[in-house]
Amino acid sequence: MDINDIRQQLPTMKTVPEHSMGTVCDKTGLTADVIRAWERRYRAVAPARTAGNQRAFSDADVFRLQLLQQATQVGRSIGKVAALETGDLAALVAKDHARLEGKPNPEKERVPRRMRVISERCMDAVQRMDSHGLERQLEAAFHRFGWTQLLEQLLLPLLAEVVDSASEGELSMACEHTAAAAVRSFVDSLCQQCRVEPRGPALVIAAPLGQIHEAGASLLSACAAGCGIPVLYLGADVMADDLAIEILDGDVGAVVLSLSYPAEDPTVERELTLLRRLVGEEVPILAGGRAATSYQQALEAADVVHITGLRDYQDRLRKIFRTPGQRSTS
């Protein structure tokens, strides 16, 4: 992709709205639901309307949607890239292509189209604070794709986008709480459906004092549930002494802390040190999340294991709790 050629061509692209929604779907690989959601939520494009009130797209619209599809396919957040001018968006996509050159083709590893549709509907439910609607979409994805794909291709990117949007003020804290509560409710329901009884030591999950987002903690809970581990979920902004009381009073196998936002808060280091002192050296403490790397020194000082990713997290849980593997999703 030659970005200079693209910048020269942009002003000459037709702006006549002559393409139907069906044609645009064929040209971009996007579904009509996704295109409508991107238009409504992010103003990614502004198609004209026919006399029959049907959307009509220009060549420039189609090109822009193709760029957005390529950008999101390699993991970029639609909420961020949709705000870019088309020329800047093309430059970003060209940069991504150059970075991925020689690596496995992301086209082969892309999220199934149906999963992308469900993801858009989930985010729409979050914005409308429709917890029941979100749970229904999650359940549909579970029955269609199974637990592993649900976690990796829907829950992980969805909650990451929720945290990013809330951190940047694009999404209200109430919306984030809706997402976190719906995920917890869905996981609880799933455990009941799969008859996972709370036997043996529990896993305590929380976001420590100063960490105000709980979407990441909800994701960690979902992952643990996927391994068949009973979870005691305490929410966000939890003080170390309150955490210690729950740990010392119960049958706890390990503690997992979510560090999503903010980063480099001195409160977190103090809380980690206090928690380790209160619970002793024998209780394993793990920490993960988008901000965990910024607390690396504090984690090491408090003997807290840094979770580097979903697979790492699941492997560590299975070793600690000696679970045989992922539970059946049939």
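Visitor: Hi! Which side chain does R55 reach with a polar contact?
Guide: Hello! In this predicted model, the side chains of R55 and E39 are joined by a polar contact of 2.6 Å.

Visitor: And where is R55 found?
Guide: R55 is in strand β2, which covers residues 55-56.

Visitor: What else is R55 in contact with, leaving aside its neighbours within four places in sequence?
Guide: With those neighbours set aside, the contacts of R55 are H19, S20, M21, R36, E39, P47, A48 and R49.

Visitor: How many bridges join β6 to β7?
Guide: Two bridges do that, and β6 (residues 285-288) and β7 run parallel. If you want one to look at, A287 has H306 in β7 as its bridge partner.

Visitor: Nice. On to pockets: what volume does the second largest pocket have?
Guide: Its volume is about 430 Å³. The second largest pocket is lined by 21 residues, and the closest to its centre are L156, L219, G288, G289 and R290.

Visitor: Which element gives the most to that lining?
Guide: That is α11, with five residues in the lining of the second largest pocket. The helices α9 (147-167), α11 (215-226) and α15 (310-321) each supply at least two residues there.

Visitor: How does that lining divide by class?
Guide: In the second largest pocket, the lining has eleven nonpolar residues, nine polar and one charged.

Visitor: What about cavities, how many of 30 Å³ or more are there?
Guide: The count is one cavity of 30 Å³ or more. The largest cavity holds about 40 Å³ of space.

Visitor: Which residues line the largest cavity?
Guide: Its lining is made of S77, G79, K80, E161, D164, S165, E168 and E170. Two or more of the lining residues come from each of α5 (78-81) and α9, and α9 has the largest share with three.

Visitor: And what classes are those lining residues?
Guide: For the largest cavity, the lining has five charged residues, three polar and no nonpolar.

Notes: Residues are numbered from 1 along each chain as its sequence is written. This is a predicted model: local features need pLDDT of at least 70, side-chain atom pairs count only at pLDDT 80 or more; totals for chains, interfaces and linings use all residues. Side-chain values use heavy atoms; hydrogens and water are left out. Helices (H or I, at least four residues) and strands (E, at least two) are DSSP runs, numbered from the N terminus. A polar contact is a pair of N or O atoms within 3.5 Å; within protein, one must be able to donate a hydrogen and the other to accept it, and residues adjacent in sequence count only if both atoms are side-chain atoms. Contact means heavy atoms within 4.5 Å. On a 1 Å grid over the protein atoms alone, a cavity is a set of points where a 1.4 Å probe fits but cannot get out, and a pocket is an open set with protein on both sides within 12 Å along at least five of seven lines; lining residues have an atom within 4 Å of a point. Grid points are joined across faces, edges and corners, and a volume is the space filled by probe spheres set on the points. Ala, Val, Leu, Ile, Met, Phe, Trp, Tyr, Cys and Pro count as nonpolar, Asp, Glu, Lys and Arg as charged, and the others, Gly among them, as polar. Two strands pair if DSSP finds at least two bridges between them.
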